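I opened this entry to record what I looked up, step by step. I wanted the domains, the sheets, the helix packing and the ligand shells.

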Amino acid sequence: MPTLTLNPPHIIIDFDSTFTKVEGLDELAAIALTGHPQREKIVQEIADLTNMGMNGEMSFSEGLHKRIDLLKANRANIEELVSFLKTKVSDSFQRNKQFLTENADHIFIVSSGFKEFIIPVVTELGLRADHVYANEFRFDEEGNIIGIDEENVLSTDGGKIKLLSSLKLEGEVYAIGDGYTDYQIKEAGFANRFYAFTENVERPKVVAVADHIATSFDDFLYDNKLSRSQSYPKSRIKVLLLENVHPVALRAFEEQGFNVEFVKGALDEDELCERIKDVSIIGIRSKTNITKRVLENANRLMAIGAFCIGTNQIDLEAAAEKGIAVFNAPYSNTRSVVELAVGEMILLIRNIVTKSNQMHAGIWDKSANGSFEVRGKKLGMVGYGSIGTQLSVVAEALGMEVYFYDEVEKLSLGNARKVNSLEELLSVADVISMHVDGRKENANLIGKREFSLMKDGVIFMNLSRGHVVDIEALAEAVKSGKVAGASVDVFPKEPKTNDESFESALRGLPNVILTPHIGGSTEEAQENIGHFVPSKLLEFMNNGSSYGSVNFPEVQLPKLKDSHRLLHIHANVPGVLAKLNNIFAKNNINITGQYLKTNEKIGYVIVDIAKGYTEEFIQEVKEVEGTIRFRMLY
Ligand SMILES: NC(=O)C1=CN([C@@H]2O[C@H](COP(=O)(O)OP(=O)(O)OC[C@H]3O[C@@H](n4cnc5c(N)ncnc54)[C@H](O)[C@@H]3O)[C@@H](O)[C@H]2O)C=CC1
Ligand SMILES: O=C(O)C(=O)COP(=O)(O)O
């Protein structure tokens, strides 16, 4: 439980790049030198000197004096710096304002920076001005900085050690910082522990000597069982985002303090088996296959985000059995696919691809032969889901007659006509467009036999899933003239990254548009997905809500208030809830809310309880037969 120990430790916190995300003096230089012709060069020189000092590569006092000489700043610049620094307080310190305020008597800022800009920033988060130990500037009458207070011990080499020795703190002392001088406090015996703080910068030389690493202030508080804003530090939770998902997704996780890794391409099964071992949340698109074997290696995985519509690349059942919730973006790119389908349909029926290629080869072939309007033509769609229905509406607006075949009973929109078999649809349509989902059973749904049932000179389009169409059969149908034009966006085997070449029997065929699985790849769709999927994943992680999951019992939960929330995922066998309730009763647990949802495979029980329970109670809950996974939120 997050309770404060009786004798709280003294906590020594560095300011620059620890309490704030930036180095105060470097930023002061950037402000003061605005408009200076050599601004960039001087700011860089100052930053280099800062880094050399932080890494212990230069005498601290020498570096400080050199930096002050380069800095042409005044009091007004400091005011501007303070306003800026207030916006740059490290996220985890901001999150833990309550802890800082309540424990201000035990917290000291010890910094080689300057009181003039440190005090106004740290006191806003409840810390004491008289607990700030730092340098002080000297000013001339006009308020220009002309030097530093040389009497201040922190302006000298080994200043932090000398200061700590004079403070004579009793009891446990923990130092947190990103620099070598922070480590030296521990080295000299004035701190029991040194935590290398890596939320903003990770200095290998400092990390190498540190006995502890704090990836955030929450991490430090968790390590010491102190009260904190996050029940489990998010900086310890690894998020792996693959396939170049939109950067807004990266920001959504980073803003909350997660440890995020971003990979441009997809990973193959072997790579994934290795990389997934310590990952708690993974984000993928259509190319990454999360197989049973991958899931067997996913020891910490709690949630999968498919940053697309299709989830056929994920073993949903195996994920559910491991208590892993899968989310997707079922509507964010629907419109993009529809627009591409409409555009391609018009280009193909007019034979534009051939005409355009001829023009590039210098051939002017002005003729109407083989060019038609889409108006009045019959569009046949296989699959009448989100994309099929939207395309249906737009195609009718273009004056087409719409027919569809869906194996599930679907209400037709507008004047669209439902047909009762795939065969009927194939025989009636002038343009056939595939919009089925990617389930395994749909492999080769369209093959040699199906092409033979189509009208001569049909236009054929597949923007759904590659395995739905037998590519060799399509190539033959194009060559024979059965298919007059085709567009294919998805392929049974697609290159993993943009660096791999694309091989297909369709390459080089006339009036065939080939696109690299970009039906959903528009700026709008990707950004929408980048907001939508992380919001679902974060709700699940932070609140337990599984609403919108494609493999998990769906529950929409209220915000957690003054309670602790137990999330219990178990195999859906009779009696689990009764066993859990017995444990609650036996332990006199005050339940403030309880929710249960099941699907064929698993049950998901959420119980909000009053604080003040024992570790033994939690252990009993974890040991209930059938438990797949258990976690606590508060
Ligand atoms: N090319 C691209 O970049 C994109 C491709 N897609 C793919 O488009 C496809 C359709 O997406 P949505 O419309 O959102 O899916 P959806 O799930 O809303 O609709 C699919 C429809 O197909 C029907 N269906 C499935 N198998 C069938 C079969 N054998 N015969 C007849 N009907 C069948 C289903 O009953 C359902 O109504 C999916 O495969 C999806 O992965 C989606 C977005 C982008
Ligand atoms: O949304 C889908 O199902 C897609 O096929 C789009 O996949 P992508 O995100 O472009 O890899």
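My notes follow, going from the domains to the ligands.

**Domains**

I am working on a predicted model. I first looked up how the chain is divided. The assignment gives domain 1 (10–223), domain 2 (237–332 + 522–552), domain 3 (334–521) and domain 4 (560–633).

Next I checked domain 2 against domain 4. Their C-alpha centres lie 26 Å apart. Nine residues of domain 2 and 11 residues of domain 4 make the contact. On the side of domain 2, helix H16 (residues 316–321) gives the most, with three residues. I sorted that side of domain 2 by class and found two nonpolar, four polar and three charged residues.

**The six-stranded sheet**

I traced an open sheet of six strands with parallel pairing, in the order E3-E2-E1-E6-E7-E8. Strand E3 (132–135) and strand E8 (212–214) are the edge strands, and each pairs on one side only. From one strand to the next, the twist averages 20 degrees.

I then looked at one pair inside this sheet. Four bridges join strand E1 (residues 10–13) to strand E6 (residues 173–177) in the parallel sense. Ile12 has Ala175 of E6 as its bridge partner.

Which strands does helix H10 lie across? I found H10 (residues 180–187) across E1, strand E2 (107–114), E6 and strand E7 (193–197). H10 runs at about 165 degrees to E7.

**A helix pair**

I looked up helix H5 (residues 75–86) against helix H8 (residues 115–124). Their axes come within 9 Å and cross at roughly 35 degrees. The crossing is right-handed. H5 brings Ile78, Leu81, Val82, Leu85 and Lys86 to the contact, and H8 brings Glu116, Phe117, Pro120, Val121 and Glu124. By class I noted seven nonpolar, no polar and three charged residues.

**The seven-stranded sheet**

I traced a second open sheet. Seven strands pair in parallel, in the order E16-E15-E14-E17-E18-E19-E20. Strand E16 (417–418) and strand E20 (512–514) each have a single partner strand, so one side of each is left without a neighbour in the sheet.

How many bridges link E15 to E16? I found two, in the parallel sense, with E15 spanning residues 401–405. Phe404 is bridged to Lys418 in E16.

Helix H22 (residues 471–480) lies across strand E18 (458–462), strand E19 (483–488) and E20. I noted its direction as well: H22 runs at about 145 degrees to E19.

**Ligand 1**

I listed the shell around ligand 1, which holds 30 residues. The closest are Gly310, Gly383, Gly385, Gly519 and Gly520. Helix H17 (334–349) and helix H19 (386–397) are the elements that give two or more residues to this shell. H19 has the largest share, three residues. By class, the shell divides into 11 nonpolar, 14 polar and five charged residues.

**Ligand 2**

Around it I found Arg285, Ser286, Lys287, Phe307, Cys308, Ile309, Gly310, Asn333, His517, Gly520 and Ser521. Three of these residues are nonpolar, six polar and two charged.

Which domains supply at least three residues each to the shell around ligand 2? I found domain 2 and domain 3.

Terms used. Residues numbered from 1 in each chain as written. Chains lettered and ligands numbered in written order. Predicted model: local features only at pLDDT ≥ 70, side-chain atom pairs only at ≥ 80, totals over all residues. Pairing = 2+ DSSP bridges. Contact = placed C-beta atoms within 7 Å. Axes fitted to C-alpha atoms, helices over the stretch in contact; angles between N-to-C directions. Near = placed C-beta within 6 Å. Nonpolar A, V, L, I, M, F, W, Y, C, P; charged D, E, K, R; others polar. Domains from an automatic or database assignment. Left-handed = near helix turned anticlockwise from the far one by under 90°.
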